[in-house]
Structures are given as structure tokens and as C-alpha cells.
Amino acid sequence: MPMTKDEVFAKVKDVLTSALAVDDEEVTPQAKLSEDLGAESIDYLDITFQLEKAFGIKIPKGELIPETLFSNPEYVQNGKMTPKGLAELKTRMPFANLTSFEADPDINRFRDVITVDALVNYVMTKVNP
């Protein structure tokens, strides 16, 4: 039976409170993992591992966060995502809301794209293919 978005959110919330040692009420759909919840690079590995375990899914490297795009000069120039890079990002991250990043595609702001809701949407594609 397919999982509902509320069920997925509840489990993602459990993962994030455990991995990031944050309170339940801090984990809202709009919360940004890095800025609002304090996630650092190493935390993303732990979160990925815990999501795989909690949901019984496999998250291939680079699928949730396509880091390789940021080192490609075709996709990034002068610290900003190119239109071609943004198009590729949309293709690879259909689960994330890229609207604010598109308005200012500074790669230093990319982590703002990774919200709790983006994680929930990503997991939904895995548990309800």
C-alpha cells in the first residue's frame, strides 16, 4: 500500500531529529536543512543512510544532491549556475522547489534548496514509484 505524504513526513522528521539533534517543532516542511536545522556536509551522509534504513530504499550517490553538476564548467560559471545547469538541475531534482535558486543561482545558496519538503518529495518517489 502506498505511503501518504504525512506518513513519509513523520518518518523523515524522526530521521532529522535524530541525525541533527533538533527538536520536533523545528522540523517543518519549509525548514532548510543547512540554514534552519544546522546540517553540515557530513550530516547529509548520515541523513541519507538513515533515510535508506527507515524506508528500506536505496539512494544512489548524487541522486538526492547532484554535487557533480557544480564542478562542470558547462553548468557553473563565475560561481553561478548557467541556464543549461539550471535545466539539468530541474531534470535531476524534480522533487525540489528551485524557484528562489533560479532567481539567484549563486552556487553558495544551493543548500537552501534542500528543505524538509524536498526530502519528503524525494522519498515519496522512492516508496511510491
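A crossing of two helices is right-handed if the near helix is turned clockwise from the far one by less than a right angle, and left-handed if anticlockwise. Helices here are DSSP runs of H or I with at least four residues, numbered from the N terminus.

The model is predicted, so local features need pLDDT of at least 70 and side-chain atom pairs count only at pLDDT 80 or more, while totals for chains, interfaces and linings use all residues. Residues are numbered from 1 along each chain as its sequence is written, and side-chain values use heavy atoms, with hydrogens and water left out.

**Exercise 1.** Find how helix 2 and helix 5 cross, and which residues meet.

*Step 1.* Take helix 2 (residues 41-55) and helix 5 (residues 116-127): their axes, lines fitted to C-alpha atoms over the stretch in contact, come within 12 Å and cross at roughly 40°.

*Step 2.* Angles run from 0 to 180 degrees between N-to-C directions; under 35 is roughly parallel, over 145 roughly antiparallel, 65 to 115 roughly perpendicular and the rest oblique. The two helices are therefore oblique to each other.

*Step 3.* Their crossing is right-handed.

*Step 4.* With contact meaning heavy atoms within 4.5 Å, I47, L51 and F55 of helix 2 meet L119, V123 and V127 of helix 5.

**Exercise 2.** Work out how helix 1 lies against helix 5.

*Step 1.* The axes of helix 1 (residues 5-20) and helix 5 come within 9 Å and cross at roughly 120°.

*Step 2.* That makes helix 1 oblique to helix 5.

*Step 3.* This crossing is right-handed.
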